[in-house]
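Here are a few notes to read alongside the model. Have the 3D view open and click along as you go.

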Amino acid sequence: MIIGLTGGIASGKSTVVEMIKDASYKVIDADQLVHDLQAQGGRLYLALLDWLGEEILLPNGELNRSKLGQLIFSNEEMRHQSAEIQGTIIREELAVQRDYLAKKEDIFFMDIPLLIENGYQDWFDQIWLVAVSPEVQRQRLMKRNHLSPEEADLRIASQMSLEEKVPYASLIIDNNGSLDDLKEQVKSAINGLTSSS
């Protein structure tokens, strides 16, 4: 059984992932994969360099992530092009990891922030959605990424809204409450897996 995990930016998905790992389940992390592919010499690094040129590099040759983020989030066209260039490579690499784990694990998770936006739904037996209210999301994002309210709003607006994601979810994990609330929900969701498998 493969479970997709998703949620908006700053929804607390990473915290949920840690809880799932603590319960001894394997999680493929799409963000980490992207990070690795964007490291110097990686497939995404080379593709981005080819597209945007050397101005996106730091003096040491690594990607200047904040500059890259500003460029890509600056307008719709750049976002689409980035999604197209990076999306294909990411999908191929994720498929390799998925197929590898599927041979070894009965149940595992894939943490993909843009799972629904990028059409990964048919990869999964279940989709778990970590949900927060827009206000909580905005506050957390500003605090976490040191963004102005405007910058935070831009990033949130660049993603599909929570309401649009809900119909795809087999399970909604509400993260508006305390950490203990969250732990309880995740624990009961995981217990549900073991009892049904």
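1. Let's start with a pocket: how much space lies in the second largest pocket? About 190 Å³. Keep in mind that this is a predicted model, so every value here is computed from predicted atoms.

2. Now look at what surrounds that second largest pocket. It has 14 lining residues, and those nearest its centre are Gln 137, Ile 156, Met 160, Ser 161 and Leu 162. The largest share comes from α8, with three residues. Sorted by class, the lining has seven nonpolar, five polar and two charged residues.

3. Next, the largest pocket. Its volume is about 1800 Å³. There are 46 residues lining it, and Asp 31, Phe 73, Pro 113, Leu 114 and Gln 159 are the closest to its centre. The elements that supply two or more lining residues are α1 (13-22), α2 (30-38), α4 (65-73), α5 (76-102) and α6 (134-145).

4. What classes of residue make up the lining of the largest pocket? You'll find 16 nonpolar, 19 polar and eleven charged residues there.

5. On to the rings. The structure holds four aromatic pairs. One of them joins Tyr 120 and Trp 123, edge-to-face, with 4.8 Å from centre to centre and 85° between the planes. Are these two residues buried or exposed? Both Tyr 120 and Trp 123 are buried.

6. Trp 123 has another ring partner, Phe 124. Why is this pair called tilted? The planes of Trp 123 and Phe 124 stand at 50°, with the ring centres 6.5 Å apart, so the pair counts as tilted. A stacked pair would need planes under 30 degrees apart, and an edge-to-face pair over 60. Like Trp 123, Phe 124 is buried.

7. Two arginines are worth a click as well. Arg 91 lies over the face of Tyr 120, at 4.1 Å from the ring centre. Arg 98 has its charged end over the ring of Trp 123, 4.1 Å from the centre of that ring. Zoom in on this spot and you can follow the picture from Arg 91 to Tyr 120, across the ring pair to Trp 123, and on to Arg 98.

8. One last stop: which residues do ring pairs link into a cluster? They are Tyr 25, Phe 109 and Trp 128.

How values were computed: Residues are numbered from 1 along each chain as its sequence is written. This is a predicted model: local features need pLDDT of at least 70, side-chain atom pairs count only at pLDDT 80 or more; totals for chains, interfaces and linings use all residues. Side-chain values use heavy atoms; hydrogens and water are left out. On a 1 Å grid over the protein atoms alone, a cavity is a set of points where a 1.4 Å probe fits but cannot get out, and a pocket is an open set with protein on both sides within 12 Å along at least five of seven lines; lining residues have an atom within 4 Å of a point. Grid points are joined across faces, edges and corners, and a volume is the space filled by probe spheres set on the points. Helices (H or I, at least four residues) and strands (E, at least two) are DSSP runs, numbered from the N terminus. Ala, Val, Leu, Ile, Met, Phe, Trp, Tyr, Cys and Pro count as nonpolar, Asp, Glu, Lys and Arg as charged, and the others, Gly among them, as polar. Rings of Phe, Tyr and Trp (its six-membered ring) pair if their centres lie within 6.5 Å; planes under 30 degrees apart count as stacked, over 60 as edge-to-face and the rest as tilted. Buried means under 20% relative accessible area, exposed over 50%, partly exposed in between (1.4 Å probe, protein chains only). A charge sits over a ring if NZ of Lys or CZ of Arg is within 6 Å of the ring centre and within 35 degrees of the ring normal.
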